[in-house]
Amino acid sequence: MSKYTEEFKAGIVRRMMSPISESVIEMSHETGITTNTLYTWRKQSRAKGIVMPGKKEKSESWSSNEKFEVVVQTYSMNEAEL
């Protein structure tokens with residue numbers, strides 16, 4: 001049985017996505033979740049095709065396809081979710 005619900009994980013992963021792009025270190029300090037767990041969640045999300053920033057990776061360096069994917073992923077979000 002998982003310690004965290006899928007809904008909770010999804011919320012944390014959304015915060016690591018653009019446009020928020022909170023770092024794993026920031027998220028770990030705030031939530032108390034280990035960095036290893038957060039890196040695993042981020043890796044799993046990327047494997048599902050979710051575009052996420054990474055180590056020293058700024059959104060300005062993303063390809064056109066990656067930027068478009070972020071727009072698609074965030075299109076239906078309301079202001080609070082963004």
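The dialogue below takes up a helix pair and then a pocket.

A: Please note at the outset that this is a predicted model.

Q: How close do the axes of helix α2 and helix α3 come, and at what angle do they cross?
A: One begins with the distance and the angle between the axes. Here the axes of α2 (residues 24-31) and α3 (residues 35-47) come within 9 Å and cross at roughly 125 degrees. Because of that angle, α2 is oblique to α3; angles from 65 to 115 degrees would count as roughly perpendicular, and those over 145 as roughly antiparallel.

Q: Is the crossing of α2 and α3 left-handed or right-handed?
A: The crossing of these two helices is right-handed.

Q: Which residues make the contact?
A: From α2 the contact takes V24, I25, M27 and S28, and α3 contributes T35, L38, Y39 and R42. By class, five residues of this contact are nonpolar, two are polar and one is charged.

Q: Turning to pockets, how much space lies in the second largest pocket?
A: A pocket is described by its volume and its lining. The second largest pocket holds about 210 Å³ of space.

Q: Which residues line the second largest pocket, and which helix supplies the largest share?
A: The lining consists of E6, K9, A10, V13, R14, M17, W41, Q44, S45, K48 and I50. Both α1 (6-16) and α3 supply at least two lining residues each, and α1 gives the largest share, with five.

Q: How do the lining residues of the second largest pocket divide by class?
A: Five are nonpolar, two are polar and four are charged.

Note on methods:
Residues numbered from 1 in each chain as written. Predicted model: local features only at pLDDT ≥ 70, side-chain atom pairs only at ≥ 80, totals over all residues. Heavy atoms only, no water. Axes fitted to C-alpha atoms, helices over the stretch in contact; angles between N-to-C directions. Helix = DSSP H or I, 4+ residues; strand = E, 2+ residues; numbered from the N terminus. Parallel < 35°, antiparallel > 145°, perpendicular 65-115°, else oblique. Left-handed = near helix turned anticlockwise from the far one by under 90°. Contact = heavy atoms within 4.5 Å. Nonpolar A, V, L, I, M, F, W, Y, C, P; charged D, E, K, R; others polar. 1 Å grid on protein atoms, 1.4 Å probe; cavity = no way out; pocket = protein on both sides within 12 Å on 5 of 7 lines; lining within 4 Å. Points joined across faces, edges and corners; volume = space filled by probe spheres on them.
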